[in-house]
Amino acid sequence: MATAQSSVASQSDGNAAEQQIQKVLQAQTEAWNHGDLEGYMAGYWNSPDLTFFSNATETHGWQPTLDRYKARYQGSGKTMGKVSFPELKITSLSDDAAFVRGQWQLEMPDGKKPHGMFTLLVRKFPEGWRIVHDHSSGE
């Protein structure tokens with residue numbers, strides 16, 4: 001009987017974690033779609049140990065990752081477009097870690113629709129769930 005209760009509690013905790021992680025990604029979507037990169041970056045671990053891999057580029061640290069986004073999407077003549085993250089799959093690894101897979105899609109004002117895939121490692125901190133590693137690829 002205790003095993004069944006533990007299993008149900010674990011599943012319930014996993015569902016709560018999944019919902020919390022989805023909220024972080026939803027907040028990122030909303031921030032991006034309002035042109036707020038700092039708000040978008042609130043979903044990332046604010047640490048020099050954050051890692052972000054994109055195609056053949058490796059970035060370390062929260063500030064360098066923000067700077068990369070700014071250069072790519074807010075530099076002269078750049079636009080952020082509207083982002084969405086369809087087909088999310090969240091897998092709990094432990095009480096304070098999870099693996100997230102999904103797709104990213106941008107809808108740009110000129111009609112282009114860049115897209116790709118990502119994998120995230122997220123960890124639970126006192127301030128909530130944060131992305132500690134992002135590996136994104138796209139066209």
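Lys70 is partly exposed, at 30% relative accessibility; here buried means under 20% relative accessible area, exposed over 50%, and partly exposed in between (1.4 Å probe, protein chains only). The model is predicted: local features need pLDDT of at least 70, side-chain atom pairs count only at pLDDT 80 or more, and totals for chains, interfaces and linings use all residues. Residues are numbered from 1 along each chain as its sequence is written, and side-chain values use heavy atoms, with hydrogens and water left out.

Lys70 forms a salt bridge with Glu38, and their closest N and O atoms are 3.0 Å apart. A salt bridge is a side-chain nitrogen of Lys or Arg within 4 Å of a carboxyl oxygen of Asp or Glu. Side chains of opposite charge can pair when their charged atoms come close.

The structure holds 2 salt bridges. In the pair of Arg123 and Asp96, the closest N and O atoms are 4.0 Å apart. This pair links distant parts of the chain, with Arg123 in strand β6 (residues 115-125) and Asp96 in the loop between β4 (89-94) and β5 (97-107), 27 residues apart.

The table lists the accessibility of residues in these pairs.

| Residue | Relative accessible area |
|---|---|
| Glu38 | 40% |
| Lys70 | 30% |
| Arg123 | 34% |
| Asp96 | 33% |

The protein has 3 helices and 7 strands, which run α-α-β-β-α-β-β-β-β-β from the N terminus on. Helices (H or I, at least four residues) and strands (E, at least two) are DSSP runs, numbered from the N terminus.

Of the 139 residues, 37% count as buried. The largest nonpolar core has 30 residues, and Trp32, Tyr44 and Tyr69 have the most contacts inside it. Such a core is a set of buried Ala, Val, Leu, Ile, Met, Phe, Trp, Tyr and Cys residues joined through side-chain atoms within 4.5 Å. At least two residues of this core come from each of α1 (2-33), α2, α3, β5, β6 and β7 (128-138). Helix α1 gives the largest share, 6 residues.

Leaving out residues up to four places away in sequence, Tyr44 touches Gln28, Leu50, Phe52, Trp62, Tyr69, Arg130, Ile131 and Asp134. A contact means heavy atoms within 4.5 Å. Among contacts in the protein with a separation of 6 or more, 46% join residues 24 or more positions apart.
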